[in-house]
Amino acid sequence: MTSASLTLQGVSFSLPDGRPLFAALDAQFDRRPTGLVGRNGVGKSVLARVMAGLLLPTAGRCVRHGRVHYVPQQVLPAPDATIAEVAGVAPVLAALMRIGAGGVDAADFDAVGDRWDVRERLTAALAAHGLAHLQPDQRAAEASGGELTRVALIGAWLAEADMLILDEPTNHLDRAQRSALREALLAWSGGLIVISHDRELLDAMQRIVELSPAGLRDYGGGYAFYAQARADEQAQAREALARSRHERRRGEAEVRAQREALARRSARDMREGRTANQAPILLGRRKQQSEVSAGKALRRQAERVDALHEAVATAAREVDDDAPLALFAPLPASAAQRRVAVLDGIVLPYGVAGGHRLDLAVNGRQRIAVTGANGSGKSTLLRLIAGAIAPLQGRCIVHVPVAYLGQRLEGLDPEVSALGHLQEVHPAATRTQLRTWLALLGLDAETVELPSRLLSGGERLKTALAGALYRSEPAELLLLDEPTNHLDLAALEALEQMLSQYRGALIVVSHDATFLDRLAIDTRVEPCADGWRVKPW
């Protein structure tokens, strides 16, 4: 493995409509594990693709030393793609097959290099990661989203690259898989750039780099250090802005006083000139000198005012101008102890607990976390409670209005804008009110008019989240399936704050331990091979 480095030199990128996404970025990435953070829509995924060489910048250049391997945020293979293609080794396997059939093309030997055992290594890695049921030639469409993410990560280890760029790698991974990924990344000896909102993963990084409209800013340490450093930095910036505004007010007052004094002196000189017994030529010269002196004084005062305004503008640029994100909790009318749902001997059609009955009563303010490994039936349980599927046995009775946010954002039409989606679920609201709700989630006036297929993953999730929360009939039961996937850190904190204020019942599927710890969960439901486990949190 060579010494890995990646350097951005004045890198800019503009969208197809000409709008700049980011401009003049300068940074260097080495072998230090680095977390790349920033708000949704700021361009993190685009920057990752530029760094990986998959997109050309509009201006500037990216200099790479060593091979770079990129794993995208959403692994969406073509319908006929194979597991080997998701892992990125299909070209090598194809070359091996041609060589095995007697081919002597030099390009095939170059493609293989020293990876003659890549099929065996891929098969062994799949087995080691609990994916022995997947085979290299198997269709990727037969695997779940979480399994495809894990296959793509396995491909990263097999790539023997000098630098890895991973975009939201923990999305769709369960808690055990997240822990295993952190351990694997800590053991990785090459360069590493991770785009993530996973605070546990970010805390394992040696360096955090933040992308904002102002550019890239480098922070040392993990997430906790970054959060504290940024808070301190913003506090100092706000103090500096307050001081500069105070200086501007005081300076403007002094300038006004000087102008008033100058005007009085000029008027006095004019009066004295009219009564003075002097020749007209002397009076004219005196008037001219007075006007020149007054003009110089006025220019100096104008320059001082301009300098004071520039000082305020400079200080203001150091203050985070992103408005804080906000979500408003639905206001359910039910009493705290009202029974909102009853699961009476239900048997799921899928999952590890298949064939085992689940009995569960959900009360008005109960907070339930559904935990367990990927594929165990967590999402199926939420879809059943939401009424999307029926149980094989038993019955599910829901007594109150429900809002369901699916992991795949099933209710979001890719051709409908965020504004249109929210209008559908709350037709009585005015467009101004709808825009305000979306703006408080960080979706600006242009973004809310775009079809949702053109939005980033985080922006689509915010749109779906707004649709689940701001319905005409307030939900008394929230069903949230991995709601933190794709959310930026600011939106994640806004979601945590909103849910802490929500007065209804909550059932949430999440592998984010920090997120669950902040929700005051009182009950854990876990599907297991020997049945359902329901116990206090």
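I will start with β6, which is mostly covered: five of its five residues are buried. Buried here means under 20% relative accessible area, exposed over 50%, partly exposed in between, with a 1.4 Å probe and protein chains only. Helices (H or I, at least four residues) and strands (E, at least two) are DSSP runs, numbered from the N terminus.

A word on the source. This is a predicted model, in which local features need pLDDT of at least 70 and side-chain atom pairs count only at pLDDT 80 or more, while totals for chains, interfaces and linings use all residues. Residues are numbered from 1 along each chain as its sequence is written, and side-chain values use heavy atoms, with hydrogens and water left out.

Back to the strand. Which way do the β6 residues point? M163, I165 and D167 point one way, L164 and L166 the other, and all are buried.

Now the sheet. β6 belongs to an open sheet of six strands with mixed pairing, in the order β5-β6-β7-β3-β8-β9. The edge strands, each pairing on one side only, are β5 (68–71) and β9 (215–220). On average, and with direction ignored, neighbouring strands of this sheet are turned by 20° against each other. Two strands pair if DSSP finds at least two bridges between them.

What flanks β6? On β5, four bridges join the two strands, which run parallel, and V71 stands opposite L166. With β7 (residues 191–195), β6 also pairs in the parallel sense, over five bridges. There the bridge partner of L164 is L192.

Next, the helix. α6 (residues 145–158) lies across β5 and β6, running at about 175° to β5. Contact means heavy atoms within 4.5 Å. Axes are lines fitted to C-alpha atoms, for helices over the stretch in contact, and angles run from 0 to 180 degrees between N-to-C directions.

α6 also turns up in a pocket. It gives the most to the lining of the second largest pocket, with six residues. A pocket is an open set of points on a 1 Å grid where a 1.4 Å probe fits, with protein on both sides within 12 Å along at least five of seven lines; lining residues have an atom within 4 Å of a point. Of its 44 lining residues, the closest to the centre are S144, G145, G146, Q407 and R408.

Last, cysteines. The structure holds zero disulfides, a disulfide being a pair of cysteine sulfur atoms within 2.5 Å. C528 is buried, with a relative accessible area of 10%.
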